[in-house]
Amino acid sequence: SEADITLSDAEADFYDLRVGMSVEFTLESDTIVKLKTTANNAVTTWEGTVTLVNSSYNLLQITFVDSLTGSMRTESVYVKSNASIVEYATQKDKKISAIKPGNKISVTGSLVSGIFEAGTVVIIG
């Protein structure tokens, strides 16, 4: 009950722990005295059409077909500052300002606190 618990390097408590987290723990005798946890966020790829670009905030909005439901879905995507943005046709690195509404893109990343963060963006067309 007195263990030191951290979640992604921030102070946490027992009730912050969730299924699927990676845990590193420290034992003293048979007692856990420290838990260091990180959330495992599944890597996901979405491919769709850009409907909005806000390069000031590294934000894209894309529309794509949800593979689970088969229906159209529109989502906001935060492009991390260190993300790799590549134009498929030329294989050249680009900046987010090169992405325009109507472009077909593929984004790979994960949900972090309910926000999709992309680490890779490929401009398909």
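Me: What makes a contact in this protein count, and how many of those between residues at least 6 apart in sequence join residues at least 24 apart?
Reply: Two residues are in contact when heavy atoms lie within 4.5 Å. In this predicted model, 44% of the contacts between residues at least 6 apart join residues at least 24 apart in sequence.

Me: Which residues does Val50 touch, leaving aside its neighbours within four places in sequence?
Reply: Val50 is in contact with Gln61, Ile62, Ile99, Lys100, Pro101, Gly102, Asn103 and Ile105. Take Asn103: Val50 and Asn103 are 53 residues apart in sequence, and their C-alpha atoms are 5.4 Å apart in space.

Me: Why is Val50 called buried?
Reply: Val50, which is found in strand β5, has a relative accessible area of 2%. Buried means under 20%, so Val50 is buried. Across the protein, buried residues make up 26% of the 125 residues.

Me: How do you know that β5 and β9 pair?
Reply: Two strands pair if there are at least two bridges between them. Strand β5 (residues 44-54) and strand β9 (residues 104-112) have six bridges, so they pair, and the sense is antiparallel. Thr44 stands opposite Gly109 in β9.

Me: What makes β9 and β10 a pair as well?
Reply: The same test applies: at least two bridges are needed. β9 and strand β10 (residues 115-123) have eight, so they pair too, in the antiparallel sense. Leu111 has Phe116 in β10 as its bridge partner. The hairpin of β9 and β10 has two residues between the strands, and Ser113 takes a positive phi near 55° there.

Me: How many helices and strands does the protein have?
Reply: There are zero helices and 10 strands.

Me: Why is the protein described as more spread out than a compact globule?
Reply: For 125 residues the globule rule gives 14 Å, but the radius of gyration is 19 Å, well over that value, so the protein is more spread out than a compact globule. The C-alpha atoms fill a box of roughly 60 × 35 × 25 Å along the principal axes.

Me: What makes up the lining of the largest pocket, by class?
Reply: There are seven nonpolar, one polar and two charged residues. Ala, Leu, Ile and Phe are among the residues that count as nonpolar, while Asp and Glu count as charged. The lining includes Ala3, Ile5, Phe14 and Leu17, along with Glu2 and Asp13. The volume of this largest pocket is about 160 Å³.

Definitions and conventions:
Residues numbered from 1 in each chain as written. Predicted model: local features only at pLDDT ≥ 70, side-chain atom pairs only at ≥ 80, totals over all residues. Heavy atoms only, no water. Helix = DSSP H or I, 4+ residues; strand = E, 2+ residues; numbered from the N terminus. 1 Å grid on protein atoms, 1.4 Å probe; cavity = no way out; pocket = protein on both sides within 12 Å on 5 of 7 lines; lining within 4 Å. Points joined across faces, edges and corners; volume = space filled by probe spheres on them. Rg over C-alpha atoms; globule rule 2.2 N^0.38 Å. Buried < 20%, exposed > 50% of the residue type's maximum accessible area, 1.4 Å probe, protein only.
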